[in-house]
Amino acid sequence: MLISPLAVTVLVGSGMVAGVLFAVALSVVPALMAMPADRYLYTTGLLGRNWDPVMPILVLGTAAGDLALALLPGPPVARALFGVTFVLMLGVAGVSHLCNVPINRVLKQMDPEAVPADWADPRPRWRAFHLLRTTLAVAALTANSVGVALT
């Protein structure tokens, strides 16, 4: 059986996205939830520095590869799974862009040493959105894995 380089690429891409989001959900988010507001703001400023430019490329690049695999000749079930993965990865991008990123932008503008007394803590909302995109990413990895196995 010959597996195309594109199939391997989308499998690795979706695996990286799901793995990183899962690790953040399992370890980073609980740590951030336990921090006082000032430490939380300081830490979130450090965490996004290298992640922000890489994640959109990885998510959207994987989605584009899945769309290509869905449109190329191949087993119909595999093509359908790649199409599903395309939609799931767009879901990851959408939740990130429309929900998590706006919260992150507000946090980056805040001074950790001057947290307002009436600060509305965004952590529960951010966590809920993160868990949603993590679930979408794990589902995408699953669909890609089965799709690649069927090619």
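Helix 1 passes helix 2 in a left-handed crossing, where left-handed means that the near helix is turned anticlockwise from the far one by less than a right angle, and right-handed that it is turned clockwise. Welcome to a predicted model, in which local features need pLDDT of at least 70, side-chain atom pairs count only at pLDDT 80 or more, and totals for chains, interfaces and linings use all residues. Residues are numbered from 1 along each chain as its sequence is written, and side-chain values use heavy atoms, with hydrogens and water left out.

**The chain as a whole**

- The protein chain has 4 helices and 0 strands; these are DSSP runs numbered from the N terminus, with helices (H or I) of at least four residues and strands (E) of at least two.
- Along the sequence, the pattern reads α-α-α-α.
- Taken along the principal axes, the C-alpha atoms fill a box of roughly 60 × 20 × 20 Å.
- Of the 151 residues in the protein chain, 34% are buried (buried is under 20% relative accessible area, exposed over 50%, partly exposed in between, with a 1.4 Å probe and protein chains only).

**How the helices pack**

- Back to the opening pair: the axes of helix 1 and helix 2 come within 9 Å and cross at roughly 155°; axes are lines fitted to C-alpha atoms, for helices over the stretch in contact, and angles run from 0 to 180 degrees between N-to-C directions.
- Helix 1 is therefore roughly antiparallel to helix 2 (angles over 145 degrees count as roughly antiparallel, under 35 as roughly parallel, 65 to 115 as roughly perpendicular and the rest as oblique).
- The residues of the contact of helix 1 with helix 2 divide into 17 nonpolar, 6 polar and 1 charged; Ala, Val, Leu, Ile, Met, Phe, Trp, Tyr, Cys and Pro count as nonpolar, Asp, Glu, Lys and Arg as charged, and the others, Gly among them, as polar.
- Helix 2 (residues 37-71) packs with helix 3 (residues 76-108) at an angle of about 160°, and their axes are 9 Å apart, so these two helices are roughly antiparallel to each other.
- The contact of helix 2 with helix 3 involves 16 nonpolar, 4 polar and 4 charged residues, and the crossing is left-handed.
- Helix 1 (residues 5-34) and helix 4 have axes 8 Å apart and an angle of about 155°, which makes helix 1 roughly antiparallel to helix 4.
- In the contact of helix 1 with helix 4 there are 20 nonpolar, 6 polar and 3 charged residues, and this crossing is left-handed.

**Around tyrosine 40**

- The structure holds 1 aromatic pair; rings of Phe, Tyr and Trp (its six-membered ring) pair if their centres lie within 6.5 Å, with planes under 30 degrees apart counted as stacked, over 60 as edge-to-face and the rest as tilted.
- The ring centres of tyrosine 40 and tryptophan 119 are 6.2 Å apart and the planes stand at 45°, so the pair is tilted.
- Because tyrosine 40 lies in helix 2 and tryptophan 119 in the loop between helix 3 and helix 4 (123-150), the pair ties together parts that are 79 residues apart in sequence.
- Tyrosine 40 is buried at a relative accessible area of 3%, and tryptophan 119 is buried at 19%.
- Over the ring of tyrosine 40 sits the charged end of arginine 123, 4.4 Å from the ring's centre (the criterion is NZ of Lys or CZ of Arg within 6 Å of the ring centre and within 35 degrees of the ring normal).

**Asparagine 144**

- Asparagine 144 lies in helix 4 and is buried, with a relative accessible area of 0%.
- The C-alpha atoms of asparagine 144 and aspartate 52 are separated by 24 Å, and the two residues are 92 residues apart along the chain.
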